[in-house]
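Visitor: Please show me the structure, and then let me ask about the terms used for it.

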Amino acid sequence: METYTTDNALAAMGFGKFQALVLVYAGMGWVAESMELMLLSFVGPLIREEWKISAQDESLLSSVVFLGMLIGACGWGFVSDKYGRRTGLLFSTLFTTGMGFISALSPNYLCLMALRFLVGIGVGGGHVFSSWFLEFVPAQNRGTWMIVFSFFWTLGTVLEASLAWVVISGLNWRWLLAFTAVPCFLLLPFFGITPESPRYLCAQNRMSDATLVLERISKTNQAALPPGILTYNRGIEVDQSAPTCEIDHLLPVREKECTDDNAMSSKSGSLAALRSLLSRNLRRSTLLLWFVFYANSFAYYGLVLLTSQLSDANRSCASGLRYVKSEQDASLYKDTFITSFAEIPGLLVSAVLVEWLGRKATMWCLLFTCCGFLGPLVFHQSEIWTTGLLFGARACAMGSFTVLCLYAPEVCIGFLRHAVNVFICDLFFHSMFSLIC
């Protein structure tokens with residue numbers, strides 16, 4: 001009897017209208033996450049000025065968001081593995097939206113800090129959007145579409161900078177918090193038509209449900225499924241160097257045949273992934289990847305926060321005239337808006353270099369170039385030079401981060417059952433080290 005796997009089906013149907021709709025929905029999730037994190041560049045200085053808090057308290061307001069992401073990344077990862085990608089998407093979106101709107105009503109600093117910590121927990125589920133989207137994409141196209149997907153993050157940074165420029169000039173930071181939560185809220189009305197990942201359904205032995213999703217993709221894309229019945233490929237990718245006796249992964253899986261291995265995987269997906277990543281064969285690669293994620297996170301989020309801090313420092317050196325303060329405020333929004341656009345050329349450059357130089361060479365090239373742009377900022381520079389240097393550094397940091405998101409799953413893909421586990425563990429350390437910023 002002929003059989004086919006989810007990968008076979010997606011490859012046969014190709015990237016079509018169905019995947020484009022999934023891309024838009026998941027991309028909006030990343031827009032919302034990006035906006036919530038970019039918000040930190042604007043809220044801190046405004047809160048410090050209104051409530052007369054110290055510089056340390058202003059920094060703590062950003063740190064608690066990343067601490068919340070650390071907890072949320074693990075929590076939502078467990079939920080998406082155990083109860084489904086759609087469940088993880090729904091509750092993380094509801095949580096982020098609710099806490100975002102409520103934080104706009106904060107009566108004091110401590111209440112705001114607690115609520116933004118809870119927003120961070122919700123934002124920690126953002127990695128489920130990227131994993132969910134990639135599980136609908138044919139394997140041979142995932143690298144390309146991951147770069148396209150990254151443009152939604154850039155869109156979010158530009159939208160937040162634009163929103164802050166308009167809202168703060170006429171209203172206040174409370175309105176900015178409320179408006180920033182709107183994109184996340186807009187995802188909820190369309191949740192009912194979002195499909196569950198066919199890969200997740202296969203992993204749970206829900207073969208008939210997975211077949212229905214694939215048939216829905218086939219109908220939308222107007223492409224035929226491969227002949228035969230759907231089977232479950234227990235490995236994401238076959239290790240060609242393994243002995244032939246180990247390549248026994250294309251066995252048909254019936255809904256009533258739930259193995260002990262599958263049961264254990266569904267109950268402890270995240271912990272099993274972490275154990276696999278720290279096994280003897282993968283420990284060295286895992287620790288190196290975590291360090292690279294640390295360096296990229298530190299550089300990227302440091303640059304996001306550095307823009308407002310440099311503007312604040314320039315403001316403190318200016319005279320006390322009111323029109324000067326207003327001019328410095330406008331300068332902050334303008335500088336952040338310009339540097340946010342730097343991510344677009346950063347993505348394009350990384351897409352070109354990765355084909356010429358490869359993954360690793362592109363990453364170290366972009367990171368060293370980022371250091372080259374940051375070096376002159378140790379000394380006092382004019383506003384134009386400061387903005388230009390931040391623009392170049394931000395472009396390199398975003399490009400390196402995108403290449404890393406492509407490289408990490410390729411390193412681990414032959415050893416882990418579900419690609420989402422890679423993102424869970426990577427984001428765990430990504431959030432932890434971003435906390436240091």
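Guide: Asp81, Arg85 and Glu135 are linked in a network of salt bridges. This is a predicted model, in which local features need pLDDT of at least 70 and side-chain atom pairs count only at pLDDT 80 or more, while totals for chains, interfaces and linings use all residues. Residues are numbered from 1 along each chain as its sequence is written, and side-chain values use heavy atoms, with hydrogens and water left out.

Visitor: Why is the contact between Glu36 and Arg116 called a salt bridge?

Guide: The term asks for a side-chain nitrogen of Lys or Arg within 4 Å of a carboxyl oxygen of Asp or Glu. For Glu36 and Arg116 the N to O distance is 2.7 Å, so the pair meets that definition. Glu36 is in helix H2 (residues 17-38) and Arg116 in helix H6 (residues 109-123), 80 residues apart. Helices here are DSSP runs of H or I with at least four residues, numbered from the N terminus.

Visitor: What makes Glu36 buried?

Guide: Buried means under 20% relative accessible area, exposed over 50%, and partly exposed in between, with a 1.4 Å probe and protein chains only. Glu36 has 3%, so Glu36 is buried. Arg116 has 4%, so Arg116 is buried.

Visitor: How do you know that Arg206 is partly exposed?

Guide: Its relative accessibility is 37%, so Arg206 counts as partly exposed. Arg206 forms a salt bridge with Asp209 (3.1 Å, N to O). Asp209 has a relative accessible area of 28%, so Asp209 is partly exposed.

Visitor: How many salt bridges does a search of the whole structure find?

Guide: The search finds 7.

Technical notes. Helix = DSSP H or I, 4+ residues; strand = E, 2+ residues; numbered from the N terminus.
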